[in-house]
Amino acid sequence: MADSNRFDGKVIVVTGGGSGIGEACAALFAARGGKVVVADLNLEAAERVASEIGGEARAVHVDVADPASVEAMVRFAVETFGRLDVAVNNAGIGGEANPVGSYSIEGWKQVIDVNLNGVFYGMRYEIPAMLANGGGVIVNMASILGTVGFANAPAYVAAKHAVVGLTKAAAIEYATAGIRAVSVCPAFIVTPALDQASERRGEAGHHRAPPGQADGYAKRSSGARLLLGV
Ligand SMILES: NC(=O)c1ccc[n+]([C@@H]2O[C@H](COP(=O)([O-])OP(=O)(O)OC[C@H]3O[C@@H](n4cnc5c(N)ncnc54)[C@H](O)[C@@H]3O)[C@@H](O)[C@H]2O)c1
């Protein structure tokens, strides 16, 4: 296949790479020759993914809600592989299932911290690293809930709408500097996070993969291909 090695030599950071969509993205990049930094709050999960996807993948701990931790993640990628070409700011959480009028203040802050501030911190440190070697690509994981309303997930919906806006702002700012910034807005993809969110909403099983898909996660990898256009 002509493009089977299109990430050869590219250095790619994937946050939330220890599970679900991030794991599928990391695997796809590694299979296409990329040098992948699998970054996750759950270091054990990141290490498992890094060892399973092969190539030159490395694992690193990151809490995307902590700017110092995100800065250290970017430094790790640059010090380990010499540059940063692609960043997938994918780490995210669902948050509690309550309407606006009874949503906890703590829960609101947590979802905004991870799902919105985490994406800003990512770009804040990734962009200078990319500019240092002439540009790069940033993919921010928003959601279909970054485009439409949805009941009982106000923090998530607000954060994902903001990620779409933040990405548009950065795309305009850095287009002429060689950085392409895009957000992607997937609909429901069966992952551990979706299972947990469904349980919180009392909808366990609603988003299960159709019969015949062995472990319920079979669609992730093709989903990652669609999302990333690779
Ligand atoms: N699954 C879906 O249906 C769906 C749909 C649209 C968008 N998304 C978005 O895709 C992204 C990935 O979701 P998923 O379904 O693969 O979830 P997942 O729970 O399977 O994976 C998320 C990963 O992020 C990590 N993480 C959580 N908080 C973190 C933090 N503070 N710092 C670093 N890592 C952290 C977790 O440890 C986990 O490994 C999220 O941003 C989610 O909002 C998912």
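In strand S2, the residue that forms the bridge partner of Val14 is Val38, where strands, like helices, are runs assigned by DSSP and numbered from the N terminus (E, at least two residues, for a strand; H or I, at least four, for a helix). The model is predicted, and for this reason local features need pLDDT of at least 70 and side-chain atom pairs count only at pLDDT 80 or more, while totals for chains, interfaces and linings use all residues. Residues are numbered from 1 along each chain as its sequence is written.

Strand S1 (residues 11–15) pairs with S2 in the parallel sense over five bridges, two strands being counted as paired if DSSP finds at least two bridges between them. Between S1 and S2 the chain passes through helix H1 (residues 20–31), and this β-α-β crossover is right-handed; the term says that, with the strands pointing away from the viewer, the path from the first strand over the helix to the second runs clockwise. S2 is also joined, by four bridges, to strand S3 (residues 58–61), which runs parallel to it, and Ala39 stands opposite Val60 in S3. The chain crosses from S2 to S3 through helix H2 (residues 43–53), again in a right-handed β-α-β crossover.

S2 itself (residues 35–40) is mostly covered, with six of its six residues buried; a residue is buried if 20 or more other C-beta atoms lie within 10 Å of its own, exposed if 12 or fewer, and partly exposed in between, with C-beta atoms placed from the backbone. Lys35, Val37 and Ala39 point one way from the strand, whereas Val36, Val38 and Asp40 point the other way.

Two helices can be set side by side, with the expected span taken as 1.5 Å times one less than the number of residues.

| Helix | Residues in helix | End-to-end C-alpha distance | Expected span |
|---|---|---|---|
| H1 | 12 residues | 17 Å | 16 Å |

H1 is largely enclosed by the rest of the structure, because 11 of its 12 residues are buried, among them Ile21, Glu23, Leu28 and Phe29. Just after this helix, Gly33 takes a positive phi of about 90°.

In H5 the buried residues include Tyr156, Val163 and Leu166, and the buried residues of this helix pack against helix H4 (105–131), strand S5 (136–141) and strand S6 (179–184). Lys160 lies in H5 (residues 154–174) and counts as buried because it has 27 C-beta neighbours inside 10 Å. Leaving aside residues up to four places away in sequence, Lys160 touches Asn115, Ala142, Ser143, Leu145 and Gly146, contact meaning that the C-beta atoms of two residues lie within 7 Å. Lys160 and Ser183 are 23 residues apart in sequence and 9.7 Å apart in space, C-alpha to C-alpha.

Around the ligand there are 29 residues, of which Gly16, Gly20, Gly92, Thr191 and Ala193 come nearest, a residue being near if its C-beta atom, placed from the backbone, lies within 6 Å. The elements that give two or more residues to this shell are H1 and helix H6 (192–200).

For the chain as a whole, there are seven helices and six strands, and of its 230 residues 45% count as buried. Among contacts between residues at least 6 apart in sequence, 65% join residues at least 24 apart.
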